[in-house]
Amino acid sequence: MQFARINDVTIHYQVIGAPADRPVIVFINSLGTDFRIWRDVVVRLAGDYAVVLYDKRGHGLSDVGQLPSSIEDHATDLAGLLDLLSVKDAVILGLSVGGLIAQSLHQRRPDLVRALILSNTAHKIGTAESWNARIAAVEKDGIASIVDAIMERWFTPAFRRPENTAYSGYCNMLTRQPVGGYIAACEAIRDADLTQAAKSIAVPTLCIVGDQDGSTPPDLVLSTARLIPGARYEVIPDCAHIPCVEQPEALTAIMRAFLTSLPPGESSP
């Protein structure tokens, strides 16, 4: 396991190398998960691309850090990690809250961003009322009290079958996140509005959504794609909010088509 001290926060990360002429893809995971959600995509890309994975603050094996924290704080953490690793000109793939962090990173440190893949995310996610209700429920009864409602947004009914062992595992992943880190991330999402930042994105961008996404529905993701100059938009069938888990093969195919269309950039570290 690899750890770094970034902005006074211990960050858990992993680097998978590739030949020096290959691009770097940086993966940012969603709310209530850690970077293990990317496994089935990474194994399909490893060797062809260098990979950087990390647990954002408050998730996985990373510190919760000082509270409250904002999307900008998360973006600053990622910038610090990439600077430490001497990564520049990377393809940044953000899922859900990870997509907000990716947009903020582009806004703050465009030198780090060669292209964006915004998966199941938007320029603004949810309302203050919806996030406050979730925060109150977690403060009162813990993350376990919201698991069923969250899983209905994350995965299709076909994935949520009781006999699907993986489904039980992802329920465990959610409930075992630090409560303080989860609440802080909910607050950060609630307070984030990247509408103007989206309009200013100046790198190739791909927006992806599952056709059954209950957290960032297709219409919302499409509205974000329309804000971003020249953005592409793709819908994955039979998929909800976490395509890297539910439809990794389809997600990887869409990513590869986008990645091969990019102009040459700097090589991997």
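This is a predicted model: local features need pLDDT of at least 70, side-chain atom pairs count only at pLDDT 80 or more; totals for chains, interfaces and linings use all residues.
## Largest pocket

The lining of the largest pocket divides into 12 nonpolar, seven polar and two charged residues, where Ala, Val, Leu, Ile, Met, Phe, Trp, Tyr, Cys and Pro are counted as nonpolar, Asp, Glu, Lys and Arg as charged, and the others, Gly among them, as polar. Residues are numbered from 1 along each chain as its sequence is written, and side-chain values rest on heavy atoms, with hydrogens and water left out.

The space in this largest pocket comes to about 380 Å³, and among the 21 residues that line it, W131, R134, I150, R153 and S215 are the closest to its centre. A pocket here is an open set of points on a 1 Å grid over the protein atoms alone, where a 1.4 Å probe fits and protein lies on both sides within 12 Å along at least five of seven lines; lining residues have an atom within 4 Å of a point. Volumes are the space filled by probe spheres set on the points, which are joined across faces, edges and corners. Helices α4 (128-141), α5 (147-154) and α7 (179-191) each supply at least two lining residues, with α5 giving the most, four residues; helices are DSSP runs of H or I with at least four residues, strands are runs of E with at least two, and both are numbered from the N terminus.

## Second largest pocket

The second largest pocket has a volume of about 220 Å³. Its lining consists of H12, D34, F35, R36, D55, G60, L61, N172, M173, R176, Q177 and P178, a set that divides into four nonpolar, four polar and four charged residues.

## Nonpolar surface patch

M1 itself is found in the segment before β1 (2-6) and is exposed at 79% relative accessibility, the classes being buried under 20%, exposed over 50% and partly exposed in between (1.4 Å probe, protein chains only).

## Salt bridges

The whole structure holds 11 salt bridges, each a side-chain nitrogen of Lys or Arg within 4 Å of a carboxyl oxygen of Asp or Glu. In one of them D63 pairs with R5, their closest N and O atoms lying 2.9 Å apart; because D63 sits in the loop between β4 (50-54) and α2 (71-84) and R5 in strand β1, the pair ties together parts that are 58 residues apart in sequence. D63 is partly exposed, at 30% relative accessibility.

R39 and D40 form a salt bridge at 2.7 Å, N to O, in which R39 is exposed at 54% and D40 partly exposed at 27%. R161 and E163 meet at 3.2 Å, N to O, with R161 partly exposed at 37% and E163 exposed at 56%. Salt bridges that share partners also join R5, D8 and D63 into one network.

## A contact across the chain

G126 lies in the loop between β6 (113-119) and α4 and is partly exposed, with a relative accessible area of 40%. Its C-alpha atom is separated by 7.0 Å from that of R190, although G126 and R190 are 64 residues apart along the chain.
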